[in-house]
Every structure is written in structure tokens, then in C-alpha cells.
Amino acid sequence: MKAVILAGGLGTRIIEESQVRPKPMIEIGGKPILWHVMKIYAAHGISDFIICLGYKGYLIKEYFANYFLHMSDVTFDMAKNKMEVHQNSAEPWKVTLVDTGEASMTGGRLKRVRGYLGAEEFCFTYGDGVGDVDIKALIAFHKKQGTLATLTAAQPPGRFGALNIRGNKITNFEEKPQGDGGWVNSGFFILSPKVIDYIDGDETIWEREPLQRLAADGQLSVYRHRGFWEPMDTQRDKNHLEGLWNSGKCPWKIWN
């Protein structure tokens, strides 16, 4: 099974970093968050990736073109014009990088990679959100539903401390409790290639008309993920994920 990852947006809510590189290339623990997303899938046996490029996509191409340099020790023999790779720790991945247009919307990007998908169902997600989603269980759930699409729903944590107040006294304080219990789209979709028929063109936002029409047709299932999931939308989010990684208590690190 292949995994399609959106990596072409402008990342305007984290402009401090996205003005110089695409948001999926912003690093957590010295590695692009895109790498973290791919590691989640690879931990469940999915190693064939299609990356939808857009804004500053050449930087993502350069990263994978020079992956050995990023991940291994190397010796350059300048006289012989040779490079020797030591302690190769590169991943056994197949990565297809597709320019899906700088201005394309999320649905338009998916439609543009149709020719690389084949006939089987595939994974689809965002290049800026991480979680300890059980991909194998998600796939098994999707197959049982018999629908064209399955969306993984998550319950994000609250952003602020919660106060219980009685009169002028605080009776309880909880730092960043669970959110209000609402379920949100976390990505981590399983899709049939037939969903492409629900996408009109580059201007189509996947999260609007296509998902609405799939739901209306009874073709959109929901897989409830009750574990960890967080997106990296802002600098605050980036700092929080970096702190989790550095603490060694990193829920999405499901690989050895």
C-alpha cells in the first residue's frame, strides 16, 4: 500500500519558519516533521510514498536527493571525484516527489497524483501532523466498512490550563487538559482511488466538497483514534513537539 502525503502548503500560521522552507521541512529533533510522518507509516510496513509538492518543493527534492548526506557519515575523495558512504542508515523507502502546483488546494494536489496511485487503496495524510495511530488497525477497520474513504478522528488536547473556580478561590487547576471532547479530522485517511472522481480540479479543497459529498453518499467512515495526535500549525506547536522529543516522552515515536 502507498502513502500520499500533502507537503505543498504555504504554512502561513508558522511564518517564522515557513518563509524560508516548506512547513513539512521544519525540524523536530533535528529531522523534518515530514520524516517523522513517514517513519510512523514505515513502522507499520508502508514504505512507498508519494509526496505532493508545492511551495518551495525544490527543498524537499534536494533533501531526498542528498538523503545519504543527511543520514550517514561520508568520505569525499576530491582527487578521484568519489564519495564513500559509511554506516549507511538511510531508510528503505521509495519516494516519488510530484510537483502539484504552488497554488493548488488539498484536493487538487491529490487529483494531480492520480497517475501514480494504481488501482489499490492508499493512505493519505498531512505532512505536519504526528500521532501514535495504529495504521494496521486503521486499514483493517477501513476494509470492514466497505466505504470509499475512512477518516481518522482525534481529540486534540486543550491549549490552556483549566480552572475550577468557586467564589474568589480556585479549587482545582489542570495544565492543558483534554479538549472539549470534540472529534476533529486528523488526516490519516484510507482511500479508494475512486475518490478522485469527487475532486473537480486544482481549486478543490479536499476537506470541503469531496468529503461532504462522500459523507452524503454514505461513503465516508470514521476511525476514532483515542491516543496521541497533534498538528504543527504554529510556533507554539513546534516548540511543544520539540519539547516532547527532547524529553524522551515522545508518543508518536513508535519505531525502534
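**Exercise 1.** Is Glu-242 buried or exposed?

Solution. The model is predicted: local features need pLDDT of at least 70 and side-chain atom pairs pLDDT 80 or more, while totals for chains, interfaces and linings use all residues. Residues are numbered from 1 along each chain as its sequence is written, and side-chain values use heavy atoms, leaving out hydrogens and water.

Step 1: take the cut-offs, with a 1.4 Å probe and protein chains only: buried is under 20% relative accessible area, exposed over 50%, partly exposed in between.
Step 2: Glu-242 has a relative accessible area of 19%, so Glu-242 is buried.
Step 3: Lys-238, at 14%, is buried too.

**Exercise 2.** Locate the salt bridge between Glu-242 and Lys-238.

Solution. Step 1: a salt bridge needs a side-chain nitrogen of Lys or Arg within 4 Å of a carboxyl oxygen of Asp or Glu.
Step 1: the N to O distance for this pair is 3.8 Å.
Step 2: both residues sit in helix 8 (residues 235–247), four residues apart, about one turn of the helix. Helices (H or I, at least four residues) and strands (E, at least two) are DSSP runs, numbered from the N terminus.

**Exercise 3.** Which parts of the chain does the salt bridge of Arg-112 and Asp-202 link?

Solution. Step 1: the side chains meet at 2.7 Å, N to O.
Step 1: Arg-112 lies in helix 5 (residues 106–112) and Asp-202 in the loop between strand 14 (189–191) and helix 7 (209–216), 90 residues apart.
Step 2: Arg-112 is partly exposed at 40% relative accessibility, and Asp-202 is partly exposed at 27%.
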